[in-house]
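Welcome, and thanks for taking a look at this one with us. Below is a short briefing to read alongside the sequence and the model.

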Amino acid sequence: MRKFSKLTIMTAAMILAIIAAGVTAGARAEAPESVGGIVPVPGARTTGFIEVADTGDGAARIPVSIIMGVEKGPTLALVGGTHGYEYAPVMGLQIVARKIDPAKLSGTVIIVHVANMPSFLGRTIYYSPADGANLNRVYPGKADGTLSQRIANAITTQVIEQADYLVDMHSGDGNEDLRPYIYMPVTGNSEMDAKIKGMALAFGLDHIVIDKRDNLPADASLYTDMTGLTRGIPSMTTEAGRVGSTEPDLVRKNVDGVMNLLRHLKMLPGEERPPQPTVWLGEFSVVASPADGMFIASVRGGHTVAEGGVLGQLVDFFGEPIATIRAPFAGMVNYVIATPPMRKGEPVAMVSKIVADE
Ligand SMILES: [Zn+2]
């Protein structure tokens, strides 16, 4: 998930300034010559690693598949494992890599199977064991930074900046009971926003958060998807999976979403599945914990709550109550922390207002 997000409003002028600084969104129709040294082959799937060298705090290998069609077309980048305990998209992307027939593909698909290998192998939620950083807060990264910053730099320069479309695929982290949804960025650029909306509806998780964004500069884009947006690339973040699960239904949501997105982008033949009826979510709030302790949730991801409705109870390490955590407004619980450890300031739950349409 994109935790610690807070609702912010930016003016259309601010957003247009960002977009103007980027490039016009659109298919470049030329495949990358190389992705971190991995050379695409027309009509084939190629695999390899983007190597992130050890400059003092460890190395990382980023496993990448590149599926290159015979016909020209756009380049779609799919990033899994930005958070290392979010397994449903990671498992889904392994299936996607085999399911796409290069002979039928127009354009190129770059799949980052596990963006954050230190976190994945270290089995950590949110933060890298190498430097304590959240990979989805250090973009576009730094070539001479900490390991997470160097990973972000490699993905920015090798993957994102070579793509025409970008999807950062998340799920409920190892501690998050999450109901699947999409963050649909709204930038204020109508051409860009129409493309992103088309992508979101095609992915089809049937709950979409209208995500009005901070005015972030390209050199401090923080998020994977914002790194794409600030470079003129239609981008979004999907959330499908919960508490680190690999349940087949959750994996399948990721696979089906990507395959339908490929048809929507005309990269694969076949009818695009018609958009499903979608629940639109507007203003959202990430409720933070007031103290260290243990959290016991009263709701689950997908539940609706009243304003002031109980989300759960925070207790101390002896079980004595510290606080009852309540919803800031009526809405739907996107996710709630489903395991006991709770640190002051970390998310307890995300609640979104349900709106009639976008
Ligand atoms: Zn995540």
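## A buried threonine, a covered helix and an open sheet

Leaving aside its neighbours within four places in sequence, threonine 224 is in contact with Thr82, Asn136, Tyr139, Ile160, Leu166 and Asp168. Please keep in mind that this is a predicted model. The points below start with that threonine, then move on to a helix, a sheet and a surface patch.

**Threonine 224**
- Threonine 224 belongs to helix 6, which covers residues 224-229.
- Is threonine 224 buried or exposed? Threonine 224 counts as buried because its relative accessibility is 0%, and the cut-off for buried is under 20%.

**Helix 4**
- Helix 4 is made of 12 residues, 147-158.
- From its first C-alpha to its last, helix 4 reaches 16 Å, close to the 16 Å expected at 1.5 Å a residue.
- Most of helix 4 is covered, with 9 of its 12 residues buried.
- Which residues of helix 4 are buried? They are Leu147, Ser148, Gln149, Arg150, Ile151, Ala152, Ala154, Ile155 and Thr156.
- The cover over these buried residues includes strand 1 (44-52), strand 2 (60-68) and helix 3 (117-122). Helix 6, where threonine 224 is found, is also part of what covers the buried residues of helix 4.

- Four strands make up an open sheet in the order 14-13-11-16, and their pairing is antiparallel.
- At the edges sit strand 14 (321-326) and strand 16 (341-342), each of which pairs on one side only.
- Strand 14 and strand 13 (residues 310-315) pair in the antiparallel sense over 5 bridges.
- Which residue of strand 14 is the bridge partner of glutamine 313? The partner is threonine 324.

**Alanine 323**
- Strand 14 also holds alanine 323.
- Beyond its neighbours within four places in sequence, alanine 323 is in contact with Pro290, Gly312, Gln313 and Leu314.
- Alanine 323 and proline 63 are 260 residues apart along the chain, and 43 Å separates their C-alpha atoms.

**A nonpolar surface patch**
- Methionine 294 lies in strand 11 (residues 293-297), one of the strands of the open sheet.
- With a relative accessibility of 31%, methionine 294 counts as partly exposed, because that class lies between the 20% and 50% cut-offs.
- Together with Phe317 and Phe318, Met294 forms a nonpolar patch on the surface.
- The three residues Met294, Phe317 and Phe318 have about 380 Å² of accessible area together.

Methods
Residues numbered from 1 in each chain as written. Predicted model: local features only at pLDDT ≥ 70, side-chain atom pairs only at ≥ 80, totals over all residues. Heavy atoms only, no water. Patch = residues over 30% accessible without salt bridge, like charges linked within 9 Å, V, L, I, M, F, W, Y side chains within 5 Å. Areas by Shrake-Rupley, 256 points an atom, 1.4 Å probe, with all protein chains shown as cover. Salt bridge = Lys/Arg side-chain N within 4 Å of Asp/Glu carboxyl O. Helix = DSSP H or I, 4+ residues; strand = E, 2+ residues; numbered from the N terminus. Buried < 20%, exposed > 50% of the residue type's maximum accessible area, 1.4 Å probe, protein only. Contact = heavy atoms within 4.5 Å. Expected span 1.5 Å × (residues − 1). Pairing = 2+ DSSP bridges.
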